[in-house]
Amino acid sequence: MSLARGLYSTALTLLSPLIWQRVWREHDAQHPRLERLGIIPPTPNTTPDSERPIWLHAASLGEVVMVGSLVEALRQRYPWRPLVLTTMTATGAAQAARLLHTPQGSSGLAPARHHYLPLDFPLSARRFVRRLRPVLAIMVETELWPNLMAACARDDIALCVINGRLSPRAFQRYRRIGALMRDSLAHVSGLSAKSQQDLERFMALGLPPARGAAVGSLKFELEIAEQVIADGQALRQSFAQRPVWIAASTHDGEDDQILAAHAAVRDQHPQALLLLVPRHPQRFEAVAAQAAQWCQARGESSLRRSAMSESGTEVADAVSVLVGDSLGELLTLYAASDIAFIGGSLVPIGGHNLLEPAALGLPLLSGPSLDNFSEIAEVMTAEGALQVVADDAALAEAVNALFSDQAAQQKAGQAASQVVERNRGALSGTLAMLEHHLPL
């Protein structure tokens with residue numbers, strides 16, 4: 001073990017009480033907590049190499065949605081190989097269950113299953129890799145776990161990074177642990193970056209130049225399932241003819257600003273409905289309570305999505321805020337909306353995925369913190385699909401303007417969906433890179 005990785009592992013061990021506390025809080029009843037220590041059902045040693053699984057790791061909900069087209073392509077090209085999809089979060093796990101649900105009897109595909117990624121302790125990482133025995137490990141974006149990567153290298157397992165991205169801020173953070181990054185990136189067999197700038201940052205951190213290529217962003221390959229659209233339309237009917245805007249993936253410090261903006265929106269459009277969707281499930285209770293208190297002070301009411309008995313039941317006019325507290329329904333809520341504000345952007349988080357609502361043809365609004373999606377945001381802004389607002393007052397002004405001008409709303413939504421369509425193509429480049437390490 002290198003000195004850098006040894007220091008990293010020591011720091012993880014010292015922090016393990018805090019790490020395990022979070023794991024305990026986010027427990028998923030469908031999976032034992034021991035998965036976090038790498039304890040999973042083993043792939044038998046008698047399994048031939050041609051039938052060893054492909055392992056794909058996508059951290060959370062957005063990443064699982066993004067790799068949907070890749071999962072489909074891999075299962076069609078390698079139908080005999082099992083697929084194991086790992087996530088870090090419960091929202092990612094819920095989406096993974098939907099993505100991997102395939103009637104096995106009629107498809108002829110090998111089984112697919114989900115596990116939680118083990119914590120990156122040396123023994124847990126080694127145990128997981130040796131039990132799984134993947135033929136190929138695929139990490140999405142910035143999921144660079146040093147001990148897992150070293151465990152793959154130790155067992156001679158090719159490891160690829162897809163849709164690799166490094167924002168300027170993340171790049172500066174990783175430079176502070178340059179020795180650890182050089183050690184980790186030396187284990188990467190191939191990396192497909194979403195842009196040339198991202199690729200250059202990875203190379204500056206130690207990725208051998210011959211192992212990387214810029215192929216574009218897989219996020220543009222997003223395909224919205226017809227069932228999601230149908231579910232969204234059914235939910236939209238429960239809102240009657242009310243104007244609806246969604247504030248999605250919000251963080252602590254944003255909800256107050258969004259509710260303040262909604263008050264100004266309701267002043268001009270009294271029937272307006274806000275769908276307020278926190279980014280993290282552990283905030284559902286607090287945000288629902290905040291929305292209920294805010295509505296009560298205004299003589300209005302709030303409703304939790306989890307409390308709706310059925311999507312066909314009309315939401316009462318008195319309901320001003322619907323809190324999206326159901327796992328894995330963000331795309332459905334987008335499909336039920338007229339305008340989308342993407343959170344993590346009025347606070348210094350760096351923004352979240354702009355392309356999911358764009359693919360559904362929604363006009364986009366965002367705060368100024370967009371480091372995580374700067375290139376996409378620039379294109380969306382230049383095409384008239386995205387408006388960047390500075391604060392709650394500007395957010396309210398933008399929502400009111402779009403509600404008051406249906407033509408402008410439609411034009412911005414069309415521009416958003418056209419940006420997505422024009423930038424497709426990363427999937428073929430990603431598959432070419434993976435097939436180099438996973439021949440037919």
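Helices (H or I, at least four residues) and strands (E, at least two residues) are DSSP runs, numbered from the N terminus.

## Basis of the report

This is a predicted model, in which local features need pLDDT of at least 70 and side-chain atom pairs count only at pLDDT 80 or more, while totals for chains, interfaces and linings use all residues. Residues are numbered from 1 along each chain as its sequence is written, and side-chain values use heavy atoms, with hydrogens and water left out.

## Leu235

Helix H11, residues 226-237, contains Leu235. The relative accessible area of Leu235 is 0%, so this residue is buried (buried means under 20%, exposed over 50%, partly exposed in between, with a 1.4 Å probe and protein chains only).

Leu235 and Leu333 are 98 residues apart along the chain, and their C-alpha atoms are separated by 7.9 Å.

## The sheet

Seven strands form an open sheet with parallel pairing, in the order E10-E11-E9-E8-E12-E13-E14. Two strands pair if DSSP finds at least two bridges between them. Strand E10 (301-304) and strand E14 (386-388) are at the edges; each has a single partner strand, so one side of each is left without a neighbour in the sheet. From one strand to the next, the twist averages 20 degrees.

Strand E9 (residues 273-278) and strand E11 (residues 319-323) run parallel and are joined by three bridges. Leu276 has Val323 in E11 as its bridge partner.

## Ser369

The loop between strand E13 (364-366) and helix H16 (374-382) holds Ser369. Ser369 has a relative accessible area of 13% and is therefore buried.

The side chain of Ser369 reaches the backbone oxygen of Val347 at 3.5 Å. Leaving aside residues up to four places away in sequence, Ser369 touches Gly344, Ser345, Val347, Pro348, Ile349, Gly350 and Gly351 (contact means heavy atoms within 4.5 Å).

## Helices H6 and H7

Two packed helices are described by the angle between their axes and the distance between the axes. Helix H6 (residues 122-132) packs against helix H7 (residues 146-154) at an angle of about 45 degrees, and their axes are 8 Å apart. H6 is therefore oblique to H7. Angles under 35 degrees count as roughly parallel, over 145 as roughly antiparallel, 65 to 115 as roughly perpendicular and the rest as oblique. Axes are lines fitted to C-alpha atoms, for helices over the stretch in contact, and angles run from 0 to 180 degrees between N-to-C directions.

On the H6 side, the contact is made by residues including Pro122, Phe128 and Val129, and on the H7 side by residues including Leu148, Ala151 and Cys152.

Conventions: Polar contact = N/O pair within 3.5 Å; in protein donor to acceptor, adjacent residues only side chain to side chain.
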